[in-house]
Amino acid sequence: MSDTKVFSARKIVTMDPRRPVASHVAVRDGRILAVGDAEEVSAWGDFPLDSRFAEMVLLPGFVEGHAHVLAGAMWRYLYIGYHDRVDPAGITHPGLTDIGQAIEKLRQAEAALTDARTPLIAWGFDPIFLTGERLNRHHLDGVSASRPIAVVHSNFHLLTANTAALSLAQYGPGTQIVGVALEEDGHPHGELREFAAMFPVMRRLGIDFGALARSEDGVRAYGEVARRCGVTTVTDLIADLEDGDVRQLLEITGEASYPVRLVPALNGHAAPAYETAERALALKHLSTDKLRLGAVKLLTDGSIQGFTAQVNWPGYFKGPDHGIWNMPPEQLYDTVDNLNGEDIQLHIHVNGDKAIDMALDALERTLGHHRRPDHRHTLQHCQMAGPAQFRRMQALGVGVNLFANHLYYFGDQHRDITLGPDRAQGIDGCASALAHGVPLAIHSDAPVTPMGPLITAWCAVNRQTASGDILGEAERISVEQALHAVTLGAAHSLKMDGEVGSIEVGKRADFAVLEEDPTACAPEALKDVAVHSTVLGGEVTAP
Amino acid sequence: MTAAVPMPPTTPLPMTVVAGYLGAGKTTLVNHLLRNAEGRRICVLVNDFGEIAIDADLIEAREGDSLTLANGCVCCSIGGDLFRALSRVLDRKPRPDHLVIEASGVAEPARIAEVARAEPELSAGAVVVLCDAETLSARLAEPLLARTVSEQIAAADLLLLNKCDSVAGETLDALQGLLRQLNETAEIRRVEFAAASVEELLAEPAPRRPRDLTDTASHEALYERWSWESEAAHPIETVEQALATLPDGLLRLKGLLVSADRAAAWEIQSTGGTPRIARRAVPPSAQPGLRLVAIALRDRLDRNALDRRLAALKQEELV
């Protein structure tokens, strides 16, 4: 065959225990033909050698098992978060560690806008990391008194607006609306909390996250964000997937230059269970090698840091319990039963331990009468899972995709505020999952935290918080285990482990090309291993 | 990026929220409204499109996620994105006469209703909460649900006790008493098949007038009342901490904290869980201090626990 080629590398880490390390990989028709040393690979024939990666280290392309298209789409707006982030063009935006820096960045962006009516919109802001005065309209009025400005907080549940934007919504002195924060003198403070208070400003400034997530630019930017961090298979873990959306996704992912395989999960809350089931089954048949459809996402509770997770006794450490259900418990039982009955794979969002109990109850009920030996139902985030819950997962064959990035990004908050110093040690218990034989993946939930499987693996290995504390040494896993979780582990959670996640014969030729060997560097340096590029289906990807 | 444009002034669209736990009769109520619109062009946002039982000959057009009826009404699916659904309604030409939002079974209707007060192009109609007379007591006894259901009830302007045909009269009296305990201001109507008065459903709610919590003589046997008063204006953070976990058996707690200089006031509300605390305008006649009133199932409330916690608050004040 003429289209066969061989890549050589300094080292190839295959994640296949039968042949853990190699130096050459032959690729034909987008798939792996042979793995081994020069001699073993040439046994298949004399093929052209591509040695551009001779100084690099190849791993299986990373699999991000839980992230969202907004991680790409949000870059339409100005990033002013606390942590460094890389944009779709590969530019690192350094984290802004006090309000002054954020204001300065807004000021620069404002000065660059020409049309006086164009609103200035920023995202990623998170007051939880900042000390001193809370961002308010006066800060933003200092950036512009006339141009509407909105700063969307990193959790998407809050935004801060300047006076010009507040006036568009007719918020002013005397406004008495739940969620419109007030100053002592009764004037709006600028911070707007939750849907009702945010709606009038978002509508007038044209901020629509749903539209952004289904925009063509957003889907393209998302592919770039993933590619830049070595990811070759990326989920969009809740999508409406209306006909127009699916047509667009088929078109974009169908382009040879689109650099990732996209795995969206259908929103299970938009229609009754039987309609969701029908839709998911129909979508499954539209799957291609680059767009994988058919799974459904369900949400139970909210988030721990938002105090909306459902937490068992003794509840939150400090702060109010605003635990929510996104679906009535019995409707969840019913929906899970319906979808499992149709052999549809479920990704169930659970954060608090009470929500984990409920999801496991639902799965236990349905699996009692609809036995699905290889269902791959996966609990997503599952941050507060304890040993008894891991044992139930093991017994039910349920996998887990733990939110390892939380250890670094929110670990200090969990220790000091939400869960307390004892329970915080156990969050995202990767070692427990493995000890109990539960299939393990780990994720970023980008844009909630930045996408980067090597960072995610670093979090699970080191369990170091942003302040430098170590959270739960007993739950640390090895570098090999963490790399498994961001490759084969995540592929397993998507039922794609037969085609991606390791470098073995017959699988798709998807590689992450790294400048260092992550299995040889110090575990603390894992996150600093640079991603050189990726290979998708045997082709080197490019921006 | 699109330019921000001030919206042209229009007559605000009145918005009614219909809520209630699963099986309470929300869809039946929506069908009832659509059938008896009598010339009003009602737009209904629903969760569950499939169960809107409209006779085929009444349907004029079905297009994706919206259904146009011959009588001028429209029914649209929320499809998991309330932002989009609501924006689309506001962009509709011509605007409907009335908007009805069917909340999901676990939604907090107060939060949805708030958007009608926030958005200048909307005006707030009633929050209508349906309760299934057959299952209400059981729902309120379920630990996973009690808070959700009691918060829905507390948020209502109009409470519809539905399925009254299948429950005995004296039970209905007790249920009505229970509803009154959870919501002292709402109108309460007994209905069958969710057949409530359309005028009342779509009316603007009367301003909330507090009723006396003790005005429930006939149900005194089931419930007990607890109250607490202090002229010391504790910092709101300390009060929040003291009330962070409330004893079991408590059905409803209401309170007001007014700062020492009478410059600020907070309203404290709970239907069993951690109280929600919100800044509010200082009532004209309010004196500085903290006042709390609670009702609980008789003999179920650990009064001592509450007293102890608040006494500790006093102690702290002295230190």
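1. Helix α12(A), residues 353-369 of chain A, has 17 residues and reaches 25 Å from its first C-alpha to its last, close to the 24 Å expected at 1.5 Å a residue. The expected span is 1.5 Å times one less than the number of residues. Helices here are DSSP runs of H or I with at least four residues, strands are runs of E with at least two, and both are numbered from the N terminus.

2. Before going on, a word on the source: this is a predicted model, in which local features need pLDDT of at least 70 and side-chain atom pairs count only at pLDDT 80 or more, while totals for chains, interfaces and linings use all residues. Residues are numbered from 1 along each chain as its sequence is written, and chains are lettered from A and ligands numbered from 1 in the order in which they are written.

3. Back to α12(A) and its surroundings. Its buried residues include A:Ile356, A:Met358, A:Leu360, A:Leu363 and A:Leu367, and A:Asp353 and A:Lys354 are also among them. A residue is called buried if 20 or more other C-beta atoms lie within 10 Å of its own, exposed if 12 or fewer, and partly exposed in between, with C-beta atoms placed from the backbone. The buried residues of α12(A) pack against α11 (329-341), β18 (346-350), β19 (378-381) and α13 (387-396) of chain A. A contact means that two C-beta atoms, placed from the backbone, lie within 7 Å.

4. Now the sheet. Eight strands of chain A form an open sheet with parallel pairing, in the order β6-β15-β16-β17-β18-β19-β20-β21. Strands β6 (62-64) and β21 of chain A stand at the edges with a single partner strand each, so one side of each is left without a neighbour in the sheet. On average, neighbouring strands of this sheet are turned by 25° against each other, direction ignored. Two strands count as paired if DSSP finds at least two bridges between them.

5. Inside that sheet, β17(A), residues 296-299, runs parallel to β18(A), and four bridges join the two. Within this pair, A:Leu298 stands opposite A:Ile348 of β18(A). Helix α12(A) packs on the sheet by touching β18 and β19 of chain A, and its direction makes about 155° with that of β18(A). Axes are lines fitted to C-alpha atoms, for helices over the stretch in contact, and angles run from 0 to 180 degrees between N-to-C directions.

6. Strand β22(A), residues 511-514, deserves a look too. It pairs in the antiparallel sense with β5(A), residues 57-60, over four bridges, and A:Pro60 stands opposite A:Phe511. Four bridges also join β22(A) to the antiparallel β23(A), residues 531-536, where A:Ser533 stands opposite A:Val513. In a regular strand the side chains alternate between the two faces of the sheet. Both faces of β22(A) are covered: A:Phe511 and A:Val513 on one side, and A:Ala512 and A:Leu514 on the other, are all buried.

7. Some backbone details to check by eye. The peptide bond from A:Ala446 to A:Pro447 is cis, with omega near 10°, and A:Pro447 is in the loop between β21 (440-442) and α18 (453-462) of chain A. In chain B, the bond from B:Lys93 to B:Pro94 is cis, with omega near -5°; B:Pro94 is in the loop between α2 (82-91) and β6 (98-102) of that chain.

8. Positive phi values also turn up outside glycine. A:Asp29 has phi near 50° in the loop between β2 (21-28) and β3 (31-36) of chain A, and A:Asp29 is exposed, with 12 other C-beta atoms within 10 Å. A:Leu241 has a positive phi of about 50° in the loop between β15 (231-239) and α9 (243-254) of chain A, but A:Leu241 counts as buried, with 21 C-beta neighbours inside 10 Å.

9. Finally, the chain as a whole and its partner. Chain A has 20 helices and 24 strands, and 57% of its 543 residues count as buried. The contact between the chains takes 41 residues from chain A and 38 residues from chain B. On the side of chain A that touches chain B, α6(A) gives the most, with nine residues.
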